[in-house]
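User: I have a structure open and would like to go through it with you. Can we start with the aromatic rings?

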Amino acid sequence: MAKRNASLNRDIGTLLEFTTTATGIEGATATARFKVQFYRPQVVRVAFTTTETFDDFSYATVVQPEVFPVKVEEQADRLVLRSAALVVNVARNPVRISFQ
């Protein structure tokens, strides 16, 4: 069995803060920053970084995000982002992202 690279497979910790953006959210933990960015109602890009800035280069996403309604709902244990086509759940402790 192949050994996993432990430095690449780890929690980023508990959500400390987040802000809404025109296309989703940006958030921070004690060890990393992340963003959930809707490009289309059915297309979401998730990015993580341990530095102050995000590298906006992507082989997978070649279009610019559209601005359309994304609802952000705060719940006790998670944030819920909703477009017309997707629901994105961001668990607070530890940060975990899932899609519906």
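Predicted model: local features only at pLDDT ≥ 70, side-chain atom pairs only at ≥ 80, totals over all residues.

User: How is the pair of Phe34 and Phe48 arranged?

Analyst: Phe34 and Phe48 form a tilted pair, with 6.0 Å centre to centre and 35° between the planes. The angle counts as tilted because planes under 30 degrees apart would be stacked and planes over 60 would be edge-to-face.

User: Where in the chain do Phe34 and Phe48 sit?

Analyst: Phe34 is in strand S3 (residues 33-40) and Phe48 is in strand S4 (residues 43-49). The two are 14 residues apart, and the pair links distant parts of the chain.

User: Is Phe34 buried or exposed? And what about Phe48?

Analyst: Phe34 is buried, at a relative accessible area of 0%. Phe48 is partly exposed, at 46%.

User: OK, the other pair. Which kind of pair do Phe38 and Phe68 form?

Analyst: Phe38 and Phe68 form an edge-to-face pair, with 6.3 Å centre to centre and 90° between the planes. Phe38 lies in S3 and Phe68 in the loop between S4 and strand S5 (71-74), so this pair ties together parts that are 30 residues apart in sequence.

User: Buried or exposed, for Phe38 and Phe68?

Analyst: Phe38 is buried, with a relative accessible area of 0%. Phe68 has 16% relative accessibility and also counts as buried, because the cut-off for buried is under 20%.

User: Back to Phe34. What is it in contact with, leaving aside neighbours within four places in sequence?

Analyst: The contacts of Phe34 include Ile12, Leu15, Ile25, Ala47, Phe48, Phe54, Val90 and Ile97.

User: Phe54 is on that list. Which charged end sits over the ring of Phe54?

Analyst: That of Lys35, which is 4.7 Å from the centre of the Phe54 ring.

User: New topic: the nonpolar core. How many residues does the largest one have?

Analyst: The largest nonpolar core has 15 residues. Those with the most contacts inside it are Ile25, Phe34, Val36, Phe38, Leu81, Val88 and Val90. S3, strand S6 (78-82) and strand S7 (87-92) are the elements that give two or more residues to this core. The largest share, three residues, comes from S3.

User: And Thr23, where is that?

Analyst: Thr23 is in the loop between strand S1 (17-20) and strand S2 (24-28). Thr23 is buried, with a relative accessible area of 10%. Not counting residues up to four places away in sequence, Thr23 touches Val36, Gln37, Phe38, Pro65, Glu66 and Val67.

User: How many bridges join S5 to S6?

Analyst: Four, and the two strands run antiparallel. S5 and S6 form a hairpin with three residues between them. Val72 stands opposite Leu81 in S6, and Leu81 is also among the residues with the most contacts inside the largest nonpolar core.

Technical notes: Residues numbered from 1 in each chain as written. Heavy atoms only, no water. Phe/Tyr/Trp six-rings, centres within 6.5 Å; stacked < 30°, edge-to-face > 60°. Buried < 20%, exposed > 50% of the residue type's maximum accessible area, 1.4 Å probe, protein only. Lys NZ or Arg CZ within 6 Å of the ring centre and 35° of its normal. Contact = heavy atoms within 4.5 Å. Core = buried A, V, L, I, M, F, W, Y, C linked by side-chain atoms within 4.5 Å. Pairing = 2+ DSSP bridges.
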